[in-house]
Amino acid sequence: MSDDTFSAMRQSIIDGAPDTASALARQAVAAGIAPLEAINHGFVPGMHAVGEQFGQGKMFLPDMMASAEAMRAAMAVLDPELKKLGTERPMAGVVILGTTQGDIHEIGKMLVGTLLSAHGFRVHDLGVDVTGEQFAAKARELNADIVGVSALLTTTMRNQRGVVEALEKAGLRSQVQVMVGGAPVTRKWAEEIGADGYAKDAMSAVALARSLMEQKTRSAVAEPV
Ligand code: B1M
């Protein structure tokens, strides 16, 4: 796929143009382009540009919302393509995913969920603005292996700690691995709040989830019931 197409994808997000974004995504699929390549090299750079311009006061909230709509339109085309990659795989583990309380950013979290599904994980997405208690209740209900908590705001990332605490309070902490991510989140923060791992992007989230499952299996073998 040419650089021109990737720049058109980027621009469709900056312009907040869902029809164009969707058409470009369909074009990529028809041309046999890997969906992740279109996302990472075309559409996501558009979101980053929007974030930068918003941060500099050159774009406003309605513009950012229009850009998010365009991104969702592109993802609506690419998401099923990504999921197809995982249909034949054995079940790798059960993941409860959500964006933390007070935070409504969902695009990165959705991407993480899609890639985990594509790699054989059974993902239950609780959506956005999810409390620690909601994470814990769903983890108990589905006997989850991993709870994944996304946060995009420096003000809401502290609620990731609340999820770890809610799991402890529910007596589930020893059975459930916690992974955290999102633009302001760091490995240091993950360690500080007692999470089991941090991933900087969606592909690293898959690698992390696999490694957390391995750790879980090893400790189950080491501590027979
Ligand atoms: Co908001 N927003 N936003 N926003 N927004 C940011 C995050 C911001 C950095 C923009 C800026 O100022 N430059 C800024 C946060 C500043 C800060 O706290 N440091 C900000 C702000 C301030 C706000 C509001 C407060 C604005 C206002 O109202 N004045 C408000 C808050 C609302 C709320 O949540 N309570 C707000 C609202 C919105 C919209 C609703 C308009 C919209 C979201 C729409 C939606 O999601 N449906 C929006 C958007 C689109 C953005 C930016 C532009 C793009 C976010 C995005 O989708 N990125 C963002 C700027 C930026 O991030 N550069 C910004 C693309 C996505 C693929 O990347 O989400 O980082 P990302 O996910 C990555 C990784 O982080 C990682 O993998 C993903 C894929 O590679 N990852 C994980 C994410 N979750 C993970 C979980 C894991 C592992 C990895 O394990 C569980």
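## Basis of the model

This is a predicted model, in which local features need pLDDT of at least 70 and side-chain atom pairs count only at pLDDT 80 or more, while totals for chains, interfaces and linings use all residues. Residues are numbered from 1 along each chain as its sequence is written, and side-chain values use heavy atoms, with hydrogens and water left out.

## The shell around the ligand

The ligand is surrounded by 35 residues, each with a heavy atom within 4 Å of it, and Gly-51, Ile-104, His-105, Glu-106 and Ser-150 are the closest. By class, the shell has 20 nonpolar, 11 polar and four charged residues, where Asp, Glu, Lys and Arg count as charged and Gly is among the polar ones.

Helix H3 (35-55) is among the elements that give two or more residues to this shell, and H3 supplies the largest share, six residues; helices here are DSSP runs (H or I) of at least four residues, and strands (E) of at least two. At least three residues come from each of domain 1 (3-84) and domain 2 (93-222), with bounds from an automatic or database domain assignment.

## The cobalt atom

The cobalt atom of the ligand has a single donor from the protein, His-105 (NE2), 2.2 Å away, a donor being an N, O or S atom within 2.8 Å of the metal (3.2 Å for Na, K and Ca). His-105 is placed in the loop between strand E1 (93-99) and H5.

Oxygen atoms of the ligand lie 2.8 Å from a polar backbone atom of Glu-106, 3.3 Å from a backbone N or O atom of Ala-202 and 3.4 Å from a polar side-chain atom of Asp-103.

Conventions:
Polar contact = N/O pair within 3.5 Å; in protein donor to acceptor, adjacent residues only side chain to side chain.
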